[in-house]
Amino acid sequence: MSIEIANESGVDVDEASIVSAARYTLEKMEVSPLAELSILCVTLEVMEDLHERWMDLPGPTDVMAFPMDELDSSRRPDAPDSSPALLGDIVLCPAFAKDQAKTAGHRLIDELHLLTVHGCLHLLGYDHAEPAEEREMFGLQKRILGEFQAAVAAHQARDAQRDVDDRVLGIAGLDAPRPGETP
């Protein structure tokens, strides 16, 4: 799966982590590994322009999704015979998301992960205009985000344990030689 990210927002964000959230979401939704996605982080001014131009709504917003014409948006990802496609673009506004993260009581990267999952689901044809659609999309978003956060925490715990194990083995003189070293 090809996921490109560009940060033109002026806000320092963990781009690799955002890409990981997008990749995790698309894999969970069984999107073809040949699919392509673009993520762009923009300033408040750019987001405000996009929001007004494409949604005819005033002011900036947190995330916008622009599906590509190649993707049949009426076709759900769980339909049979899905094929590779250019999924489209997700536009994030970290400056806007920063205030939302503060209000929600979590870190900016957590808010950006949520918005990335949200944007991916929009690209795959999910919406929240009607109450039933909202329940479905937000339920799916919550499940995917929770699973992603659990996977990240498990990975971090394994890395931390590996570091502790390496230290203990080193103290005991049982550490393994590093690549290129002779035992």
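Trainee: Let's start with Leu121: is this residue buried or exposed?

Mentor: Keep in mind that we're looking at a predicted model. To call a residue buried, you check whether its relative accessible area is under 20%. Leu121 has 0% relative accessibility, so it counts as buried.

Trainee: Where does Leu121 sit?

Mentor: Look at helix α4, residues 108-123, and you'll find Leu121 there.

Trainee: And which residues does Leu121 touch, leaving out those up to four places away in sequence?

Mentor: Its partners are Met29, Tyr126, Met137, Leu140, Gln141 and Ile144. Also try Leu26: 95 residues separate Leu121 from Leu26 in sequence, yet their C-alpha atoms are 8.5 Å apart in space.

Trainee: How many helices and strands does the chain have?

Mentor: You can count five helices and four strands. Starting at the N terminus, the order reads β-α-β-α-β-β-α-α-α.

Trainee: Now for helix packing. How are two packed helices described?

Mentor: You give the angle between their axes and the distance between the axes. Here, α1 packs with α5 (residues 131-171) at an angle of about 125°, and the axes are 10 Å apart.

Trainee: Which residues meet where α1 packs with α5?

Mentor: On the α1 side there are Ser17, Ser20, Ala21, Tyr24, Thr25 and Lys28, and they meet Ile144, Glu147, Phe148 and Ala151 of α5. Sorted by class, this contact has five nonpolar, three polar and two charged residues. Ile144 of α5 is also one of the residues that Leu121 touches.

Trainee: One more. Where is Ser9, and is it in a helix or a loop?

Mentor: Ser9 is in the loop that runs between β1 (2-7) and α1 (15-28). With a relative accessible area of 10%, Ser9 is buried, because that value is under the 20% cut-off.

Trainee: What does Ser9 contact?

Mentor: The Ser9 side chain makes a polar contact of 2.6 Å with the side chain of Asn7. Setting aside residues up to four places away in sequence, Ser9 touches Cys41, Val42, Thr43 and Pro94.

Notes:
Residues numbered from 1 in each chain as written. Predicted model: local features only at pLDDT ≥ 70, side-chain atom pairs only at ≥ 80, totals over all residues. Heavy atoms only, no water. Helix = DSSP H or I, 4+ residues; strand = E, 2+ residues; numbered from the N terminus. Buried < 20%, exposed > 50% of the residue type's maximum accessible area, 1.4 Å probe, protein only. Polar contact = N/O pair within 3.5 Å; in protein donor to acceptor, adjacent residues only side chain to side chain. Contact = heavy atoms within 4.5 Å. Axes fitted to C-alpha atoms, helices over the stretch in contact; angles between N-to-C directions. Nonpolar A, V, L, I, M, F, W, Y, C, P; charged D, E, K, R; others polar.
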